[in-house]
Amino acid sequence: MFGRSKLRFFSYEVSPRVDAKYNADLLLRTLGNTFALGFYRDEKLLHIYTKTIATDSTLRQFFDVKPSELPNSFKYFALAKLKKEKDFYEVHEFNDLQSFLSSLEAGQGMLVWFALEPTLKELHYSKINKLQQIAQQSQSEKHKQQIQMMRDKVKDPLYLIKLALLDSERKRLKMTAKQFEAYSTLRLSWEIPLFKVNNNTIYKIINTPPKLSYLYAVLNEKKWVHVPKSNVSQLLIIPDPSVLPTTVGRGALLPTVIPERAGFRVGVNPETGKEVHLEIEDLERHMYVIGGTGAGKTSFLATLITRFMKTYPESVVVLIDPNGDFAEQLASSMADYEKLIYVDPVQTTISVNPLSIPEGIPHEQAELLAESNVKEIFEQLFALKAGAVYVEYVIINALKILYMKTRNPTFSDLYNVILKLRSGELDLPINDPLWEEKLQQFQELEETTYVSALSRLEEYATNPLLKRLFSSDSIADVLEPGNLIVINASNAYIGDKASFLMIAGWVYKLWYSVLIRRALKRKLIPVLTIIDEFEVISDLTVVDTILSQARKFYMHLVLAHQHTGQVKPELLKSIFSNTAVKVLMRTAGDDAKKLSEVDQDFASKIEKILPKLEPGEAVMTVMPRKQGDPATPFKDKFDYMGLKFDQSKLDAVIKRMKERYRTEERKEDVTALVNPLLKYIEKPDVFEQEILYNVYTGRTDNGNHTIYLVDLLRKLGVDRDQVENIINKLEASGFISVEKIKGKKLLTYGKGLFGNVKAAAPSDEGRKLAMKVMLKYMKDKYYVAPAKQTSDLTARPDLVAIPFTNSTLNYDKAVAIEIESCNELSVHPEQVVHNWRKESVKDFVEVHSWTYEECYDKLQQLYGQLSDEEKKIIKIFSFKVRQENQKTEPKEQKAEAAQKKAEETGEFNGKAPGALTGGLTANENKQPKEVVQGAATTETNGKLGSLLESFEVQGIKVVRYSDRATVTIDGKEYIITTLDYNYLKNIKDRVLSLKLQDGKIVIVYEDSRGKIQQKEIILQ
């Protein structure tokens, strides 16, 4: 039945410690899969023995230990087995064995062998199969219950138990055995020899572990005592010294008790030679590492990273290094690792956007999260004090505007949106009174507030290196299993502020990623994040948040730095409370005193030890994970991991990163980002177009295209003051002329209502049709303009129409208009269909195509090629051609004919748009062409740099070079700031006067609300 084991067992007497808590899990991990626990009662005490493969250094973590054998001077033994074979498949339980041990008399003993035995499970599975066959035939509930009970039982490992009572008196032994049965839930029988046995027999009983072969088990009665792992604790007990008199261990004076861990090795205890291991569970509540220069911090972190990756290859490991040396060493050492991602601030093309908000969670939640974090970044990055509340207001509200349109705004976007909101160049596509009020407050802030906000952002918005570093998130899935992400945030390369921003951006990126992974219920892969010199971002609230919450998200921090003075006392206290593993290397003075507080019981020793540690040594504490785990600090001589920097290998890594990841700066203008329709047209001025439209369609005794001011005011329903400024502006531009006739102001149309319509519809036929269509939509309360004709706009409609109410545009209802002449329908029908499917369609609620009635059938045929889904947004219309009288008529009759309304057909879907004012006057047909200015040509100034662009304002030339911006006044060139250049560029079309005065330029201009403003630019 019981064969000899080939394992080598050691025998010890162990003494439990008063302050220690023992449990079965701890003892099983310590003693192994096969071991014995023995008890012997002498005249005074109960002695405890064990036979185990564990060494004495292992046991000394939990007991006082001395080599010793359980006495073998007994004359009788009683071996327990089950009374009935049918009980073999039941769950065996034992109750309160400590009470039984307390009943032992002097000279009595008990031995319990535990052996993890797979054969037991095989026997149970065989029985289950037989019962299933019976149950299928008989449908017996009893059999089904028995099957379920056995299935539950074999979920646990099963331990074979060899239980022996030992005595020198047979009669007393029989009584003790009988007494023991009261503690067992199953009836037992006992093998007790009739006569005394020799010491050799007792020796074999004590030293032979139980073993069970399957063949032997099948051929014999199944009466072997066994228990599932969950019940092992009922037999595997260490008596409480305060209840039962036993030998008591006092423990070592020095902290030499080391937690038992399987995981990965980080070093050895120098006093006992015991290996120090950590498991991933130890890092779930983070690690704190501190050590001055030369203490071995970098080597320890290198050992931690490499051993952790080897043991847990599916985990993600991230190193963030603000100095750069460690990052370069690790990257070159791991150059051949396929999943290495090396982030270098200068050489590689991997970027992170600190302003982006996370994908995968609701936008509102993500926006709140990002705003809070970004606000903290700005406060630290820009040193925003309490008095900078208006600067913060400008930046945060500009960011909110961007978040409405994109999850990934950049510093450049933020800079430009502030600039354009202030100048009035940007119109928000938001129909919200609250935002309109906020925008008004925004624009009424002091000029100095904007200068302050923009000056803080300018470097990050314009510096090419910083723009590339923070333009986008290069890596889509940072949490891909096995990733090793090494982030070189060297402050020597990019400065302290940019280094901080880079580290903060990556920390937020990782934090967002684990939050999203949890929200989407994806597999939780551990993310070990090592932040060296973490004091750089220690003021960010997210650090404390991660320390307290990240355990449930499987993000584990390792915070390393050199001395306690680098972090605030409150954060240090939080770190002590929220880190499970602390690695304290050589420190002295106040640091040693502060760090000794990690364990009050050993504070005085820790304070004395820390200054005397040698390089590569540390005092470690590991938080107990289970009841009975030791909680004492101990010394660790950690394994040295020498990282050798290899420039050629690092160059190979950098080359690989450049090939794998490419950062492309988004070319889209912020105006188009916030309001996509402004890609196609300039900022709309509804009131101005309404005035032009009413003048153009008006008629008085003085002729067509005229209207008295009093009639215009009545039509618009506004007071004179609101109109006068615009009329003056239109008159100054030559769009209308104003004269007084019989005491009334008469307005006469000149040009401008149709914009650059010829560029949108080059042919005469197309242009006339386009103008008819524009008048139709203007009458129906749409703002209408031809689309910009710029080279960077590859897809655009011919016209853009935006409905408005009380001069407020409804951008969400904007319509794209395509003008299809009869010639185009005949010669290029494929282009007509292409117009309905081009990229720009997505920015509009509908697309309206117009042609003349005579070729409407061709348009209708092409319309038939569209899918039902496409027809939901594509509508087609036609105009009936007016038959012009070719005979010479009096001028008045021509004018009257020009005012007749053209008939039109209904829409293809059966709907009919309203009437359209038809006919074009000679005056409009002959309007001057408007000059469209293209991109500035690039010139080279051999002295100072390349010319990037230029413009003129009030006859003064303004130039932007690669290294400066200038204005030329009276032949003399002056230098201005880039900020002033951008501001001047944005208001150039609204400048009323510009003059040089006392070393500065005084500019008078009209703001977006028609108010006269003054700005001064100091010349350098």
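Student: Why does arginine 307 count as partly exposed?

Tutor: Happy to walk through it, keeping in mind that this is a predicted model. Arginine 307 has a relative accessibility of 25%. Buried would need a value under 20% and exposed one over 50%, so arginine 307 falls in between and is called partly exposed.

Student: What makes the contact between aspartate 639 and arginine 307 a salt bridge?

Tutor: Their side chains meet at 2.8 Å, N to O. Aspartate 639 sits in the loop between strand E20 and helix H23, while arginine 307 belongs to helix H10, so the bridge ties together parts 332 residues apart in sequence.

Student: And why is aspartate 639 called buried?

Tutor: Its relative accessibility is 12%; the cut-off is under 20%, so aspartate 639 is buried.

Student: How do you know that glutamate 105 and arginine 172 form a salt bridge?

Tutor: The closest N and O atoms of glutamate 105 and arginine 172 are 3.1 Å apart, which is within 4 Å, so the pair passes. Glutamate 105 lies in the loop between helix H3 and strand E6, and arginine 172 in helix H6, so parts 67 residues apart in sequence are tied together.

Student: How many salt bridges does the rule give?

Tutor: The count comes to 39.

Terms used:
Residues are numbered from 1 along each chain as its sequence is written. This is a predicted model: local features need pLDDT of at least 70, side-chain atom pairs count only at pLDDT 80 or more; totals for chains, interfaces and linings use all residues. Side-chain values use heavy atoms; hydrogens and water are left out. Helices (H or I, at least four residues) and strands (E, at least two) are DSSP runs, numbered from the N terminus. Buried means under 20% relative accessible area, exposed over 50%, partly exposed in between (1.4 Å probe, protein chains only).
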